[in-house]
Amino acid sequence: MMNLARWKVVLVILATVIGLLFTLPNMLPAKVRDSLPAFMPKNTLHLGLDLQGGSYLLYSVDTVALRNERLTNMAEDVRTTFHDKQINFTDLAVNNGEIGMRVTDPAQLNEATNALRSTLGAPLAGTPGGRDVSVTTTPDQRIRVAFVPEAFDAEASKAVEQNIEVIRRRIDQTGTKEINPVRQGKDRIVIEAPGESDPEKLKNLIGQTAKLTFQMVDDQAAPEDVAAGRIPPGDELLPSTDGFAPAYVVKKRSVVTGEMLTDAHPGFDQQGGGSVVEFRFNGVGARRFGDTTRQNVGKRFAIVLDKKVISAPVIEGPIPGGQGRITGHFTPESANELSVLLRAGALPAPMKVEQQRTVGAELGADAVKAGTLSAVVGLAATMVFMLVIYGGLFGGISLIALAVNAVMIIGLMSLTQATLTLPGIAGLILTLAVAVDANVLIYERMRDELRSGKNLISSMEAGFTRAWGTIFDANMTHIFSALIMFNLGSGPVKGFAWTLSIGVLTTVFSAVLVTQVLLAWWFRTVRPKILPIA
């Protein structure tokens, strides 16, 4: 205690000053924070949905629709493969999660099966020579193609993660950082938007698939056949929003897709007037777009967004360079919204809203008041206990360490931009309430050493060294519990776990190091003959 290392003193001072700097913005009005010098921290705690109100959305990822989309695309690959190899077939269709077809000539059955096995799907991870689709034959020259269950489960899980990333990019481009989509369970995504009182606005931004494709219009399809529902093989009938036709018959195979876009931004049509969306393709997309426009001059191609034709212009000439524009009945707001969606990318899988609710700001204000009252009552009870049991000196040092602890917790949460929720307040109160446990262990160990006949300095040294093992073990169990809750929980549970984790680290620092520095300073200044807690 007499020869306290200087680095400990410096570390305590630095930690306290930095904690105060990052805690200070939470105490200042917004105008004052904005006027602070550039080097001063300005981040504050984010209040969660339950504290400031807002919108809550629970989405489920439609893996069934994802499977059907993948199978539909694969069915077109089957059609192309059989056409190239001149294999006659009928009844090509997607039903009950698989592709079915019938090979007309029995002599071509083996050739057809081998062709599909070598061309469809992708290599299956962990299985040498395996593929992620199975091709089987049944009587009457029929072939069935289906995804291997393990492979599709992995793809569905990847699609959920990709959906979360796309949602995050869409939100970030609007300048809003407090909304953080998180995965819940196998195929669900939770989105909490503190301060957003209109969930419909959020749903329009997040829920739109925004899948953009460029598909050739089939002008050879007879109108009477289309009216009777007889769509040519390889085509599909899509509704239109361009104001010129109610629907178009287009080729199912996409010439270019939105994944090949490198940029999209709103613009203005100098000739026709009105807002447009200008776009640019990457190298592959630019080459395909240029080749397609060169080979189909005079024909129409459809710009399709989420299975709706938004424009079907005539190709007047080759369009090299990979740049173009989407025209339609856009307002400046809708053109900007579409640009944001296209830049962020399409959702790999469609989503359905399972639950939505709006939390009023009044409820959040009541929660803050209740949490503040609980914290004040808990701290007051802790202060009274420490002062009564260990006196003004040792009890007061514990309370100073507790105050440093609280400052570091709030400072760290502000630095990491953590979101404070109602369970997070509970974690904060719990952390502060039990933070003095380490001081209790240290002080009681000092008493035991004094009773055993050791001198003052040895007793104080033993109080810290011998209590450290117990303090470390107790707090490590807290850390492990918090990590488990953070990884397996969601929403409020994560908030509680994060606050508890930060609190455990700061508690060990303040209860041991801060207390040790303060007691050493007192001892070297006063040179006591007895300890006040003896």
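The largest nonpolar core of the structure has 40 residues, and those with the most contacts inside it are Met101, Leu116, Ile143, Val145 and Ile191. A nonpolar core is here a set of buried Ala, Val, Leu, Ile, Met, Phe, Trp, Tyr and Cys residues joined through side-chain atoms within 4.5 Å; buried means under 20% relative accessible area, exposed over 50% and partly exposed in between, with a 1.4 Å probe and protein chains only. Helix H6 (residues 149-173) supplies the largest share of this core, eight residues. A second, separate core of 23 residues includes Met260, Ala335, Leu338 and Leu342. The model is predicted, with local features requiring pLDDT of at least 70 and side-chain atom pairs counted only at pLDDT 80 or more, whereas totals for chains, interfaces and linings use all residues. Residues are numbered from 1 along each chain as its sequence is written, and side-chain values use heavy atoms, with hydrogens and water left out.

Val145 touches Leu71, Met74, Glu98, Ile99, Met101, Leu116, Leu120, Val133, Ser134 and Val135, not counting residues up to four places away in sequence; contact means heavy atoms within 4.5 Å. Leu116 belongs to helix H5 (residues 109-119), where Leu109, Ala112, Thr113 and Ala115 are also buried. Helices (H or I, at least four residues) and strands (E, at least two) are DSSP runs numbered from the N terminus. Seen down the axis of H5, the buried residues fall within an arc of 165°, so they line one face of the helix; the arc is that of the directions from the helix axis to the C-beta atoms. These buried residues pack against helix H4 (63-84) and strands S4 (98-103), S5 (133-138) and S6 (142-147). The face turned away from the buried side carries the exposed residues Asn110 and Ser118. Gly121, with a positive phi near 75°, follows H5.

Aromatic rings of Phe, Tyr and Trp (its six-membered ring) were paired if their centres lie within 6.5 Å, with planes under 30 degrees apart counted as stacked, over 60 as edge-to-face and the rest as tilted. By this rule there are 15 aromatic pairs. The ring centres of Trp468 and Phe472 are 5.8 Å apart and the planes stand at 45°, so this pair is tilted. Trp468 and Phe472 are four residues apart in helix H14 (residues 456-488), about one helical turn. Trp468 is partly exposed, at a relative accessible area of 37%, as is Phe472, at 40%. Phe214, Phe279, Phe281, Phe289 and Phe301 form one aromatic cluster.
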